[in-house]
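This report covers one protein chain.

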Amino acid sequence: MTAPTDADVRAKLTALVPALRHFHSALLDVAKGEYEFMHGPVKGPFELYSLVMNHPQFQWLRPLSGLMATLDEVLDAKDTTLTERNLTDVRQALGLLFAETDTRFAEFRGGYNRARGDARVRETEAKWRELLGGIQA
């Protein structure tokens with residue numbers, strides 16, 4: 001079996017990005033709903049942005065946000081050749097985020113476990129997991 005080309009790797013990772021964004025958005029909607037239940041309505045996108053960046057109730061989303069930002073940076077680096085290692089790194093990073101044995105992401109998993117009852121969270125998670133399953137390094 002031959003190693004995937006830069007174009008192959010880039011296409012697979014590029015397809016994963018919107019699926020992860022939709023998943024993140026679904027998780028964010030759940031976190032926003034939890035916040036609004038306790039504190040009242042969020043008064044627009046600027047307040048939501050401030051909450052996401054600063055309020056501890058949204059902190060659990062940060063590992064996924066950071067992973068997505070790193071993935072965007074990797075894909076935006078046009079002078080870098082992408083390899084199988086990049087595919088492996090993404091699979092491992094997502095695996096660690098959801099691994100019950102990794103204590104570093106326990107807060108993320110707690111928020112995720114609260115959110116996984118939401119239909120949109122389940123649908124968007126199924127989509128990125130399907131795409132990830134197609135990314136074999």
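## Ile135

Ile135 has 2% relative accessibility and therefore counts as buried (under 20% relative accessible area; exposed is over 50% and partly exposed is in between, with a 1.4 Å probe and protein chains only). Ile135 sits in the segment that follows H6. Helices here are DSSP runs of H or I with at least four residues, strands are runs of E with at least two, and both are numbered from the N terminus.

Not counting residues up to four places away in sequence, Ile135 touches Lys12, Leu13, Leu16, Leu87 and Arg91, where contact means heavy atoms within 4.5 Å.

## Basis of the model

The model is predicted: local features need pLDDT of at least 70, side-chain atom pairs count only at pLDDT 80 or more, and totals for chains, interfaces and linings use all residues. Residues are numbered from 1 along each chain as its sequence is written, and side-chain values use heavy atoms, with hydrogens and water left out.

## Overall layout

The chain contains six helices and zero strands, in the order α-α-α-α-α-α from the N terminus. Its C-alpha trace spans about 55 × 30 × 25 Å along the principal axes. Of its 137 residues, 34% count as buried.

Among contacts in the chain with a separation of 6 or more, 72% are between residues 24 or more positions apart.

Two packed helices are described by the angle between their axes and the distance between the axes. Axes are lines fitted to C-alpha atoms, for helices over the stretch in contact, and angles run from 0 to 180 degrees between N-to-C directions. Angles under 35 degrees count as roughly parallel, over 145 as roughly antiparallel, 65 to 115 as roughly perpendicular, and the rest as oblique. A crossing is left-handed if the near helix is turned anticlockwise from the far one by less than a right angle, and right-handed if clockwise.

H1 and H6 pack at about 160° with axes 9 Å apart, so H1 and H6 are roughly antiparallel. H1 passes H6 in a left-handed crossing. This contact divides into twelve nonpolar, three polar and four charged residues; Ala, Val, Leu, Ile, Met, Phe, Trp, Tyr, Cys and Pro count as nonpolar, Asp, Glu, Lys and Arg as charged, and the others, Gly among them, as polar. On the H1 side the residues include Leu16, Leu20, Phe23 and Leu27, and on the H6 side they include Val121, Glu125, Trp128 and Leu132. The axes of H1 and H3 come within 10 Å and cross at roughly 155°, and H1 and H3 are therefore roughly antiparallel as well. H1 also passes H3 in a left-handed crossing. By class, the contact of H1 with H3 has eleven nonpolar, three polar and three charged residues.

The axes of H4 and H6 come within 11 Å and cross at roughly 140°, so H4 and H6 are oblique to each other. Their crossing is left-handed. Val90, Arg91, Leu94 and Phe98 in H4 meet Glu125, Trp128, Arg129, Leu132 and Gly133 in H6.

Leaving aside residues up to four places away in sequence, Glu125 touches Phe23, Phe98 and Tyr112.

## Nonpolar core

A nonpolar core is a set of buried Ala, Val, Leu, Ile, Met, Phe, Trp, Tyr and Cys residues joined through side-chain atoms within 4.5 Å. The largest one has 38 residues, and Leu13, Leu27, Phe58 and Trp128 touch the most other members. Two or more residues each come from H1 (6-39), H2 (45-54), H3 (62-76), H4, H5 and H6 (119-133). H1 gives the most, with 13 residues.

Beyond four places in sequence, Phe58 touches Leu28, Ala31, Lys32, Tyr35, Leu48, Leu51 and Val52.

## Phe105

Phe105 lies in the loop between H4 (84-98) and H5 (106-115). Apart from neighbours within four places in sequence, Phe105 is in contact with Pro63, Leu96 and Leu97. Phe105 and Lys43 are 62 residues apart in sequence and 30 Å apart in space, C-alpha to C-alpha.
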